[in-house]
Amino acid sequence: MKQKIFIFSLLFFLLMPMLSCKRRNSRPSNRRPTPTEISENRRSANQRGKTIIKMRKEDGVYHIPCKINGTEMEFIFDTGASDITMSLTEALFLYKQGKLKDDDFLGTQQYQVADGSVLEGKVVMLRKVEIGNKKLFNIQASIVDNMEAPLLLGQSVLEEFGEISINYHKNEITFK
């Protein structure tokens, strides 16, 4: 019953299209991670050294492979997005696979989309984000209220790496 209520509430947001996001209010309305959750294990021991990831260019945007809670996905590299964003489709898939749990959902938050309008979306804590040999823990992401929205790799992950360089001739991104 709890799962059905969750699925119906996610589907409700299907009516509100939202694309590339900018965070408007940084505090989710429900459960917030504790300071220990945020600081503890934010970066893993293998953060040392650099990793080079091959990007794939399609329709003028660059895609990079990532793993979210152990599931392989391909994200658009988007420096204009404030968070990792995923559609309802991906969120439901991860939830059904047990890769997102009820405790991972932190509430709702308002976002400003590219056209300037403000919409509400779900906030979720991703337990593990992997890019190459880099691993990050407890990364906040948003669920875009659209079943077909692209997966965006935004600032909530990119800022954790500090220095990033891109070689457009080789279609490579280097996380240092």
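These are my notebook entries on a predicted model of one protein chain.

**Ground rules**

I number residues from 1 along each chain as its sequence is written. Because the model is predicted, local features need pLDDT of at least 70 and side-chain atom pairs count only at pLDDT 80 or more, while totals for chains, interfaces and linings use all residues; side-chain values use heavy atoms, with hydrogens and water left out.

**Entry 1: confidence**

I checked pLDDT (the predictor's confidence in each residue, from 0 to 100) before anything else. The chain averages 77, and 73% of the residues score at least 70. Residues 2–32 fall below 50, yet this stretch has 87 contacts in the model beyond near neighbours in sequence. A contact here means heavy atoms within 4.5 Å. Residues 34–46 also stay under 50, with 22 contacts beyond four places in sequence. Where pLDDT is low, the predicted coordinates should not be read in detail.

**Entry 2: overall counts**

I looked up the secondary structure and found four helices and 12 strands. Both are DSSP runs numbered from the N terminus: helices are H or I with at least four residues, strands E with at least two. Of the 176 residues, 47% are buried. My cut-offs on relative accessible area are under 20% for buried, over 50% for exposed, and partly exposed in between (1.4 Å probe, protein chains only). The chain exposes about 9500 Å², and carbon and sulfur atoms supply 51% of that. Those areas come from the Shrake-Rupley method with a 1.4 Å probe; for residues, only the protein chains shown count as cover. Among contacts with a separation of 6 or more, 68% link residues 24 or more positions apart.

**Entry 3: the core**

Which residues touch the most other members of the largest nonpolar core? I find I64, I84, L126, L153 and V157, in a core of 32 residues. Such a core is a set of buried Ala, Val, Leu, Ile, Met, Phe, Trp, Tyr and Cys residues joined through side-chain atoms within 4.5 Å. The elements giving two or more residues to this core include β4 (61–68), β8 (118–131), β9 (134–144), α3 (88–96) and α4 (155–161).

I listed the contacts of I64, leaving out residues up to four places away in sequence. I64 touches I53, M55, M73, E74, F75, F77, L153, I173 and F175.

**Entry 4: H63**

Beyond four places in sequence, H63 touches K54, M55, R56, E58, E74, F75 and I76.

I started at the N-terminal end of α3. S87 caps that end, with a side-chain oxygen 3.2 Å from the backbone nitrogen of T89. Within α3, L88, E90, A91, L92, L94 and Y95 are buried. Just after the helix, G98 takes a positive phi of about 80 degrees.

D102 is in the loop between α3 and β7 (105–113). D102 is partly exposed, because its relative accessible area is 33%. Its side chain joins that of Y95 through a polar contact of 2.6 Å. I count a polar contact as a pair of N or O atoms within 3.5 Å; within protein, one must be able to donate a hydrogen and the other to accept it, and residues adjacent in sequence count only if both atoms are side-chain atoms. D102 and V124 are 22 residues apart along the chain, and their C-alpha atoms are separated by 9.5 Å.

**Entry 5: pairing around β8**

I took strands as paired if DSSP finds at least two bridges between them. In β8, 10 of the 14 residues are buried. K122 stands opposite I143 in β9. F105 has V124 in β8 as its bridge partner, and K67 stands opposite E130 in β8.

I then checked the turns. The β7 and β8 hairpin has four residues between the strands, and G116 takes a positive phi near 95 degrees there. The β8 and β9 hairpin has two, with G132 at a positive phi near 60 degrees.

**Entry 6: pairing around β12**

β12 pairs antiparallel with β2 (residues 51–54) over four bridges. K54 has E172 in β12 as its bridge partner. Four bridges also join β11 (residues 164–167) to β12, again antiparallel. I164 stands opposite F175 in β12. The β11 and β12 hairpin has four residues between the strands, and N171 takes a positive phi near 55 degrees.
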